[in-house]
Amino acid sequence: MTAHLTPADRPSWPRRAVVTAGMPYGNKGLHFGHVGGVFVPADFYARFLRDRLGRENVIFVSGTDCYGSPIMEGFRKRREADGHAESISDYVRENHDSQEADLASFGVSCDLYAGSALEPAVHIHERMTAEVIERLHEQGKLTKLTTKQFYDPKAGQFLNGRQVLGRCPIQGCKSEKAYADECDLGHQFEPEELIAPKSALTGETPELVPVDNLYFDLPSYTEYMREHTERLAADPTVRSVVSKTMQEWLDAPRLFIQVKFRDEFETVRGELPAHEVIEAEGDKGSFTVVFPTWRERDEAHEVLNRAGVRFRSGKALVPFRISGNVEWGVPLPEVEGCRDLTAWVWPESLWAPISFTRAVLARDAAKLEAAGTPASELAECAVTDAELVDDAPAMIMDEPDYTHASLDWRDWWASEDARAYQFIGQDNIYFYCIAQSGMWEALDWNMRQSCVAANYHILYMGKKASSSSQAPPPLAHELL
């Protein structure tokens, strides 16, 4: 039966809007899932908002995800296959230009299709990254943790995420394509949990070596996330898969142990930290061990491994990794005594659209200054961002011939009368709905007037819209 709508049900519109589209990796061109599943719907919505709000009040940005282990591994394979002698930056630029040319041929109208490691946005993105890290640290939300990273003795080097292959350890996941700390279905886990790891470089079983990295205290936002998830579940515009997927990450940390290991478990049970055992029901082959926090669960790993007890982890909020020790990445400021680290690609790709927005406004500031507008009459942040931009190739897409209504990025991302609409793949619910929501809440609490506010919308396009696998159905669903 059709719902009866009243004037009170009419949608309200923001004064300004940012539209983003999921960022393709910089190790290849586009497939039609990118175009039909993400960019065409995002472009459609951006055009609608320009008509509704005025073109100067809408910014549509996306770009190439330049960093991360898939790009490093793609470059390594390319170099081995054909003697590719150029730098990894040139490799990424080549793929970026191919992506932008394809999108331009479909008439996609980004204000800027940027690259996180490419001009004109690269140095603005580095500044944005440093600002986010420093603000999170100021509020005590970043912690140095010593965790284990895979090292290949035969190759004589640490392995990045995609250079380790194994099976996903998360209970119920059937993925046979898991990497160092996540599988291709988006499940997150600790490296030591990966089942049957092998080095992609040599085929050998790698060693786990302790390293220091920075982590965001995501578990401290568990209650906030539960309330947030409940609000989404009660919203009729939100698909149930969104709130249900989020809820899966909000259970207490737990391990699943096969019944055949019960005797070995009981032998060392007294050595385990505080826990509760839930017996197997019916014909289930595993019993469950529940812990108060992720710390007790991780302490149990060593005890159980020593006793030869095999286990699988359940989904739970754990500290969200911010840094890595690979050379190809956004450099991080020194925090908690951690030096010479780069940002892990997932957190920095979450705020990359803000960096790209700042690059658009920096370009506007440069245009206005060139036309004679004194810098003192322009937003200071846009002027200083413009100073970071070196020579950049001209856009392949048509560059807007107008400037935007405000040049202060905070008016787009941290204002009550602005909204951001993000078109992404359903497989990224963890990152955009869990990790991003926690960080955005921390930043908003941190410094409301100069950080990202949590008033944003996410539009899901399908199961794999932003990945490099199958094409999703081109249907948009508003999340918030």
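In which sense, left-handed or right-handed, does H5 pass H6 in their crossing? H5 passes H6 in a left-handed crossing; that label applies if the near helix is turned anticlockwise from the far one by less than a right angle, and right-handed is used if clockwise.

Before going on, a word on the source: this is a predicted model, where local features need pLDDT of at least 70 and side-chain atom pairs count only at pLDDT 80 or more, while totals for chains, interfaces and linings use all residues. Residues are numbered from 1 along each chain as its sequence is written, and side-chain values use heavy atoms, with hydrogens and water left out.

**Helix pairs**

Helices (H or I, at least four residues) and strands (E, at least two) are DSSP runs, numbered from the N terminus. Two packed helices are described by the angle between their axes and the distance between the axes. Axes are lines fitted to C-alpha atoms, for helices over the stretch in contact, and angles run from 0 to 180 degrees between N-to-C directions. Here are two such pairs:

| Helix | Partner helix | Axes come within | Crossing angle |
|---|---|---|---|
| H5 (residues 222-234) | H6 (residues 240-248) | 9 Å | roughly 160° |
| H2 (residues 69-82) | H3 (residues 88-105) | 10 Å | roughly 100° |

Angles under 35 degrees count as roughly parallel, over 145 as roughly antiparallel, 65 to 115 as roughly perpendicular and the rest as oblique. H5 and H6 are therefore roughly antiparallel to each other. In H5, His228, Thr229, Leu232 and Ala233 meet Ser243, Met246 and Gln247 of H6; contact means heavy atoms within 4.5 Å.

As for the other pair, H2 and H3 cross at roughly 100°. That makes H2 roughly perpendicular to H3. On the H2 side, the contact is made by Ile71, Met72, Gly74, Phe75 and Arg78, and H3 brings Ile88, Tyr91, Val92 and Glu94.

**Sheets and strands**

Two strands pair if DSSP finds at least two bridges between them. S10 is joined to S11 (residues 286-290) by three bridges, and Glu276 has Val290 in S11 as its bridge partner.

S8 (residues 207-216) pairs with S13 over two bridges in the antiparallel sense, and Phe216 has Phe320 in S13 as its bridge partner.

S1 (residues 16-21) and S2 pair in the parallel sense, over four bridges. Ala17 stands opposite Val58 in S2. How many residues of S2 (residues 58-64) are buried? Seven of its seven are, where buried means under 20% relative accessible area, exposed over 50% and partly exposed in between (1.4 Å probe, protein chains only).

**Cysteines**

There are zero disulfides here, a disulfide being a pair of cysteine sulfur atoms within 2.5 Å. Cys433 is in no disulfide either, with the nearest cysteine sulfur, that of Cys183, 17 Å away. Cys66 is buried, at a relative accessible area of 0%, and Cys433 is buried at 1%.
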